[in-house]
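Please read them with the sequence and the structure open.

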Amino acid sequence: MSDPLTIALAKGRILDETLPLLARAGIEPVDDLSKSRKLVFATNHPGINLVLIRSADVPTYVQYGAADLGIAGKDVLAEHGGEGLYERVDLKIATCKMMTAGFPDRPLPRTRLKVATKYPEITRRFFLERGRQVELIKLYGSMELAPVVGLADIIVDLVDSGNTLRANGLTPLETIMDISSRLIVNRAALKMKNEAAKALVEKIEKAVE
Ligand code: AMP
């Protein structure tokens with residue numbers, strides 16, 4: 001039998017929408033992912049394994065070929081830069097927007113804007129294109145708190161319903177990009193495991209339609 005293919009999946013919010021999609025493509029984990037502490041899972045296909053990792057690590061695993069394929073949000077991919085991997089399919093799941101957000105009634109400083117975010121690369125590029133000088137404050141979570149406690153003037157974060165912003169007195173300001181999950185493939189895997197990898201990409205593509 002040829003080498004098995006490994007698909008890297010992100011833990012958390014995206015997983016709930018990813019598993020039904022994979023099931024439609026005929027790929028189902030043998031164990032219940034939500035009830036297990038395992039990180040590697042066999043599937044009903046002997047040639048396909050799943051690894052469950054943090055979303056921000058998915059592009060890195062695929063880039064280095066530790067996983068042949070991966071499913072990650074456009075936010076994570078844009079922040080990573082996409083080196084060594086192909087973005088093959090827009091899975092149209094876990095959709096939301098990457099936005100700037102701040103207080104609705106507070107004028108922004110004319111000089112250096114302080115921006116708190118988990119996405120420093122995307123944020124840097126966005127403000128650079130606008131010729132705006134910003135001070136980036138890298139956070140790992142709860143961005144909404146930063147303007148409330150005066151750590152930053154605005155934030156850059158994912159917005160879905162807008163409830164999280166509203167609950168903290170913030171409002172969406174500008175859209176930076178539309179987000180959805182994407183199927184990514186390691187460049188070398190597509191050459192070396194050509195047949196199997198291509199067939200799997202096609203199966204998942206069909207499941208989206
Ligand atoms: P909401 O309150 O519905 O606007 O959701 C905003 C919160 O959920 C923020 O903390 C986001 O980081 C997170 N979030 C929303 N959509 C997504 C998504 N598609 N993927 C990952 N995190 C998300």
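1. Basis of the note. This is a predicted model, in which local features need pLDDT of at least 70 and side-chain atom pairs count only at pLDDT 80 or more, while totals for chains, interfaces and linings use all residues. Residues are numbered from 1 along each chain as its sequence is written, and side-chain values use heavy atoms, with hydrogens and water left out.

2. The chain as a whole. The protein chain holds eight helices and eleven strands; helices (H or I, at least four residues) and strands (E, at least two) are DSSP runs, numbered from the N terminus. Its C-alpha trace spans about 65 × 35 × 30 Å along the principal axes. Of its 209 residues, 44% count as buried. Here buried means under 20% relative accessible area, exposed over 50%, and partly exposed in between, with a 1.4 Å probe and protein chains only.

3. Contact means heavy atoms within 4.5 Å. Among contacts between residues at least 6 apart in sequence, 68% join residues at least 24 apart. The chain exposes about 11400 Å², of which carbon and sulfur atoms supply 50%; accessible areas come from the Shrake-Rupley method with a 1.4 Å probe, and for residues only the protein chains shown count as cover. The mean positions of the 29 positive and 27 negative charges lie 2 Å apart. Lys and Arg count as positive and Asp and Glu as negative, with His and the chain ends not counted; the place of a charge is NZ of Lys, CZ of Arg, CG of Asp or CD of Glu.

4. Helix α1. In α1 (residues 15-24), the buried residues include Leu15, Thr18, Leu21 and Leu22. They cover an arc of only 125 degrees around the axis, which puts them on the same side of α1; the arc is that of the directions from the helix axis to the C-beta atoms. An α-helix has 3.6 residues a turn, so residues three or four places apart point the same way. The buried residues of α1 pack against β1 (5-10), β3 (48-53), β4 (69-73) and α8. Asp16 and Arg24 are exposed on the other side of α1. After the helix comes Gly26, with a positive phi near 85 degrees.

5. Helix α8. Which residues of α8 are buried? They are Ala197, Leu200, Val201, Ile204 and Ala207. Seen down the axis of α8, the buried residues fall within an arc of 120 degrees, so they line one face of the helix. Glu195 and Lys206 are exposed on the face turned away from the buried side. The helix (residues 194-208) has 15 residues and reaches 21 Å from its first C-alpha to its last, close to the 21 Å expected at 1.5 Å a residue; the expected span is 1.5 Å times one less than the number of residues.

6. Helix α4. Ile122, Thr123, Phe126 and Phe127 are buried in α4 (residues 120-129). Viewed down the axis of α4, the buried residues fall within an arc of 120 degrees, so they line one face of the helix. What do they pack against? The partners are α3 (74-80), β6 (96-102), β7 (113-117), β8 (134-138), β9 (154-159) and β10 (171-179). Leu128 and Glu129 are exposed on the other side of α4. Gly131 follows the helix and has a positive phi, near 65 degrees.

7. Val115. This residue is in strand β7, and Val115 counts as buried at 0% relative accessibility. Leaving out residues up to four places away in sequence, Val115 touches Thr123, Phe127, Val134, Glu135, Leu136, Ile137, Ala152, Ile154, Ile155 and Val156. Thr123 and Phe127 are among the buried residues of α4. Val115 and Glu135 are 20 residues apart in sequence and 6.1 Å apart in space, C-alpha to C-alpha.

8. Met143. The loop between β8 and α5 (145-148) contains Met143, which is buried with a relative accessible area of 3%. Met143 touches Ala116, Thr117, Lys118, Ile155, Val156 and Asp157, not counting residues up to four places away in sequence.

9. Lys92 and Ala94. Lys92 is in the loop between β5 (85-90) and β6, and Ala94 is in the loop between β5 and β6. Phi is positive in Lys92, near 55 degrees, and in Ala94, near 50 degrees. Are they buried or exposed? Lys92 is exposed, with a relative accessible area of 60%, whereas Ala94 is buried, at 17%.
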